[in-house]
Amino acid sequence: MSRFLDLTLNGVSTGMIYASVALALVLIWRATRIVNFAQGGMLMVTTFVALAVINKTGSYWLGFFVALASGLIFGALVERVLIRRVEGGPPLNAVIATLALLILLQGAAGAIWSATPRSFPPPFSIRGYVINGHRVLFSPNDLFTVIAVLGVALGLFGLFKRTDVGLRMRASAFAPGIARLEGVRVGRMLTFGWALAAMAGSLAGVLVAPAVFVGPNNFDPLLVFGFTAAVIGGLDSPLGAIVGGLILGLCLSYVSGYLGSALVTLGALVILIAVLMARPSGLFTSTRTRSV
Amino acid sequence: MSVGAKPRQPPAQPTAGTGAAPPPWWRRPRLPQQTLARSILLALVFGVVLYIVSELFGPFNDLRLATGAYYFAALAGLTIVTGLNGQISLGHGALMMVGAYTTALLIGREGWALAPALVASALTTGAVGALLGGVAARLRGPYLAGATLAFAVGLPALAYQYPNTFGGANGLEINPPTPPSALGANFPLERWQAWIACFGALIVYVLLANLLHGRSGRAFRAVRDDEVAAQIAGLNVGRTQVAAFVVSAACAGLGGGLLAMVDSLAAPGAFTLTLSLALITGVVVGGLGSLAGAVWGAIVLVMLPVWTGDIAGAFSLPTQIQSNLPLILYGLILIGVIVAVPEGIQGALRAGASAAERRLGGRGHKLASENLTNAAQKEG
Amino acid sequence: MRHFVKYSCATAACLLTVGLAVSGCGSSSSSSGSTVGVTATSVTIGSHTPLTGPAAPGYSEIDPAAAAYFKYINSQGGIYGRKINLIYKDDMYNPAETVTVTKELVLQDKIFAMYAGLGTPTHTKVVAYLNAEHVPDLFVASGCPCWDNGTTQPWTFGWQPSYQIEGKILGQYIAQHFAGKKVGVFYQDDDFGQGGLAGLKEEVPASAIVSTQPYQPGTTTVAPQITAIKSAGAQVLVDFTTPIYTALERLTSFTLGYKAQLVIGNVGIDPTTVGALLASYSKGKASTALIEGAISDDYLPSPTDTSNSWIALFKKVHDQYEASAPFDGNTVYGMAQAYTFAEALMKAGKNPTRQGIVNAVESGLPPGPGLVPFRYTKTEHGGYGGVAMTTINKNGQIVFIGPPLVTNPGSGPITQYTTAQATAPANGLP
Amino acid sequence: MGSDESASKLEIDSVSVRFGGLRALDQVSIDAAPGRIIGVIGPNGAGKTTLFNVVCGFVRPDAGTLRWRGRSLAGVPPHQLARLGIARTLQGVRLFPRLSAVENVMVGGGHLHRPWFVSTLLGLPRSDRAERALRAAALEALDQAGVAGVAERMAGGLPYAIQKRVGLARALVARPSLLLLDEPAGGLGADEVAGVAELIRRLRGSITVMLVEHRMDLVMSVCDDVAVLDAGALIARGTPGQVQADPRVLSAYLGDRTDEPARERKSADSPPESAPTGSPRKGRRQRTAVEGKSAALEVEDLVATYGPVRAVDRVSLNVDSGSITAVLGANGAGKTSLLRTVSGLLAPRGGRVSYGGKDITGLPAEEVVRRGLGHVPEGAGAIAELTVDENLRLGSLWRRDRRDRAVALEEVYDLFPRLRERRKQFASSLSGGERQMLSIGRALMGRPQMLLLDEPSLGLAPLVTEQIMGLISGLSERSGLTVLLVEQNADSALSIADHGVVLNVGRVVAAADAVTLAGDEQLRHAYLGLPSAQDSE
């Protein structure tokens, strides 16, 4: 029973990490209809930046916020410099462009920071809480992770729902033509969407870095599982990203714990297919009928 | 308030009959009308070309030729499903893995000869493709991408889960094929492997060309262009999509089998997500939707790492930078190509060819050049 | 239909052109008569190793370290006046790439010998080829017992102690010092972890092993495995892990409040690497606090033991040629291996041939920086034949706690090796 | 075809279809007797295409039966119809753009010549034969459609009219016994329509043809029988002559429905209880001071294209400041394209647009709106995923003055009290009329000086239409708003307009003041294909 509890808690904390990568992917998909394979590389770079700041200043929180800020800038930059150039073309080209960016970023990170992974400090203790005399697999730092992801999700939710910019972004995502008629500069909103998405991604990076360390390839699995989570939840739904991440995190924790770690990726495949067979556009996207 | 132009309809009647001037001699090779005869002839031409190329090459370039040939088989498969049928697949690396393991198991464990083992690999992978295609036919766009990506990541787990059959992380090794003694004792193994791989690729090319220019290829492309119109025209969209996946998977399976033969192995480390992503990159950069594009894609996949390595080798930089420079160049070149020639290499060549044709052709060949443009589009 | 023909012909023409272009470049140098890869002034050897990709961490340091050592040797005049030129190529730990780069090295770069090809899943795929081509395949960087077969693979030689040997010796230590305690094993699900586990099982009674949990390289969380070992009540935890997973295991155990006597295989103990990964958790103590007291083993001097003449030599070379890289266990590994190659080349004589260097190795090599002897004979190609037990002290340094022990990969006995380590030559030349 | 022709009868019996609350088809029964050409007409949104979709199996009817040759079509998937002898063309053209014309047609005949998969793969003579036979049949069909000359050209690059014919050939090649044509003349010029009519006429007697059309010239000249749908119900059936004379039909088209009980299209759509101020007057507007006003919008020789279609063809018009100008014309006449080009959503290919004396040609939409030009788009202009409040606020976001934004919001809510009630609801939950109000309200949030309105009455009940027209008229009168109003419902539009312009196939065919235009033959011609002076030219 205590094992089940441990696996569940482990599932929740890894699930929240997946959720935050999924969130980043969903934001970009909603804004520009592109699956951003470079997300893993972008958050890797911002995490390296954060680590450099932390090592220089000794302040975790400064590094934390620098990561988020550099994510914002990086996302906007990528959209302006690269994505603009492939947006109008065949949809697969954008995918290839983000893949190429991922390779480029991993190469650059390897050249600058070397392949050797580094330690990234957690802001809070990683010693698990004690419940009923049993030290569980859930630490103050895990709690921080959950709170931070939910906080950013809520923050984004608030931004979307409560602010003018959010309203403009949603209008641009749902109906770009109508948004333009109402004076929304849709191009800027796309850039801002990429910036926000990269920020959500960089959050995932700093949150997960203490547990997977910082290296050019250390975040690769994160992208795969984050994308899987986003697809499970439905690529148009931020809420779906959170729920998808949690579902995936929990299921994979149980698969790894009860069936063996070899089956984790296969488990992800099975879960994904099961969900998509029931709902071909994910849990939280309503399937639209095709037009004749 | 002013009133616009009065209705005046230009006669839009098309000219009756074919009307096209006969194409100039240089673009009408006199070839047999029967597909079968033409296929054989083409295969012979290609075969001779490849034979000459392989003779010119040293053993290592022969190996590159063989590598290019198995990449081509997989890329041609991906061309069918993604280029012609419009279904994105990020899972063809895993399909190659199915083919490679089938070949390795049949040769290594069951003692089969190479040829039947390769055929069985194509068939087995085709069957797996039917399953995958059944799922894929229900999914669209990024959801299909996600499902196939999960397939690419998930399938290698089977190798770890059943180490007794699949050899775990180490995978399986097989003996390379032995060149027949008739070729002489010093006949290089790599050339023999190149011949086999090219023969396989040639079969894929000819069969797919037959398929694409016949009913099935039309159906694939029609479903890609407009699913509703295809249904109205009597095509079973779901079945066509599954069929495309089956054909595509069979090609990838053969490609995987050839990989197993060329590299003498089947191991999970050779079939990671990176391979699947490299394949989709290859078809897009080569030119989506034509077999010629798949040829270019194969050349890119084989040669680009070589070129980036050579360029990087020309510098003398600190180890850390030197090691990563090829990756950086690879990424930069890919981005450059995607931005500069969004239609891929084959697309750019066609555009260039028809532009040159127009300039050279003059007025007498106006219709002919029009034909070329159309033909070029048709190939896509 | 005609278009199809036309494009096919065009494609064929393109292929031919590309073919001609490619055949033009490369494949020009073929030394007549003399040994491939050996000239009057140089010996060219090649290696495959992951320089990029998920397997690169740590491993990517080994070949550059070796190259640095060869540069040092070259600056000292080389071996019989020949400079050693090491070409190492990135295979990204992908076996198909390993095959390609190996053939490139052999066919195009015309290497004299394959040197320190890294990894079991990768290098196993080229052993048959190298043996068929009679290319010396020296000092594979992996502890698989599969290199150790002079009869079927006369050209292939291992170098480090096999994982079984290591497992056996660690197992004996556990059986002797922690008798009656429950043992849990956390291991990488490949031949490295499985080999270690198999060796361990030779010595530790099956009843004592309460849980064996494999992990997949690349997995992001090992919590499910550690909770299983913890709930099985293991009092001794054995890690056959890479440094990253050693660190992940330590962090997870820390979170769980799981305390057991740690035993860590040589691959995953390097205090520099593991310490760097755990540095953020040290809170003022040594960065290796979480692995303090861990039992391990080694066959080379510790990189932190500056009093050791070999370490001093390697540090000097490192500072001269590869100062920007860290100086850790991988560096020592790479340089020690390079030294072994220099020994073999020296022993092969003034006019080295491929057969000559194989004969030289088979006739036995001095252990050089190693604490234990090589098991090189006509039939045995296994490399170092044992290890010595170590532990991590308060300062994060490796301390030897026992004499060098040697054994064979099978069920042979474990015996002490009493010869002391030789002193490093001042000029680095054997 | 021959023997079973007598049995080749399509029976549509009391078919009803509902989409959510909308009743798309209401107990429609139509028989198509063998060998006859039946036209299905009706205003936009009458349910014509839905009827075809039901026949083809894309839409499952909620009630009623369909029988073909005496057998039920229930559960027959669309791709099997070809084998049952039913072929269809689609609205627009929807050729396979990256296939050549002849390949397009070959796809349509694919079920007639099916070689074995393996023989195709190997290129055996058997598949060659099948392929040749199919190609011959396809070329014949293209020839029949009069476009054999383009056989090898890529379909996507063909002129629109040619594409239409290729589409027809794609249906004909299957040698159907029943041919369903969905707007075969849509987007074609008069000469081209005549050609299509000739083609269809040639089919008479050999196969049954059912066609959905807005182009009355075509319907009237080829059909044996005409069925008229309005708001999902069959309202008339008879020969073209009978139908043209039927007052119900005229009122369905021109919107004069005073003698008819209002039919509710939407179950939830009761008209707004408090009609906004400025309730509509039934008579024409009699505005006087028109000549004293300056031109607000000037359009000169404007050209815009959608792919191969020239949607707007050298249109020129002026809209006076403070006036209401109605742009009329049948479906596909280019009205919406005209608005989209003016407001910057569609890049013009030629010509000039100026507003308030300043050139705004080619200015992007987000900038045009900042010049005080609001655009109320057609149909579901309300963004369904946003709430009423959000939709409205979106309209004023570009304006700096935050306080005035709130004022504007209150003003719009005052104008549409019904929206205030639903401010927290998502737009998707609104009725059609409410959505239209929301779209208009959102445009007003930007305090525009001019409003471009695209079919505000589309799909609305007559009463609601009346109220919306009243509202527009009131706005114009009270605040001097200039309005360019695109409408199919000519009578409603002209009831409030000062001027009217009639578009046909992208061109202006008539322009006059509203009173003159309402009685003009030209208008009736454009809508119902009645003979007019122009035809005798």
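**View 1. Strands β11 (residues 295–306) and β12 of chain D run antiparallel and are joined by nine bridges.** Two strands pair if DSSP finds at least two bridges between them. Helices (H or I, at least four residues) and strands (E, at least two) are DSSP runs, numbered from the N terminus. The model is predicted: local features need pLDDT of at least 70, side-chain atom pairs count only at pLDDT 80 or more, and totals for chains, interfaces and linings use all residues. Residues are numbered from 1 along each chain as its sequence is written, and chains are lettered from A and ligands numbered from 1 in the order in which they are written. In β12(D), D313(D) stands opposite V303(D). Strand β12 (residues 309–320) of chain D is largely enclosed by the rest of the structure, because nine of its 12 residues are buried (20 or more other C-beta atoms within 10 Å of the residue's own, with C-beta atoms placed from the backbone; exposed is 12 or fewer, partly exposed in between).

**View 2. Helix α11 of chain B covers residues 237–263.** Its 27 residues should span 39 Å at 1.5 Å a residue, and the end C-alpha atoms are 38 Å apart, which agrees. The expected span is 1.5 Å times one less than the number of residues. Of the 27 residues of α11(B), 24 are buried, so the helix is mostly covered.

**View 3. Chain C is assigned domain 1 (42–160 + 303–384) and domain 2 (164–298).** These bounds come from an automatic or database domain assignment. The C-alpha centres of the two domains of chain C lie 28 Å apart.
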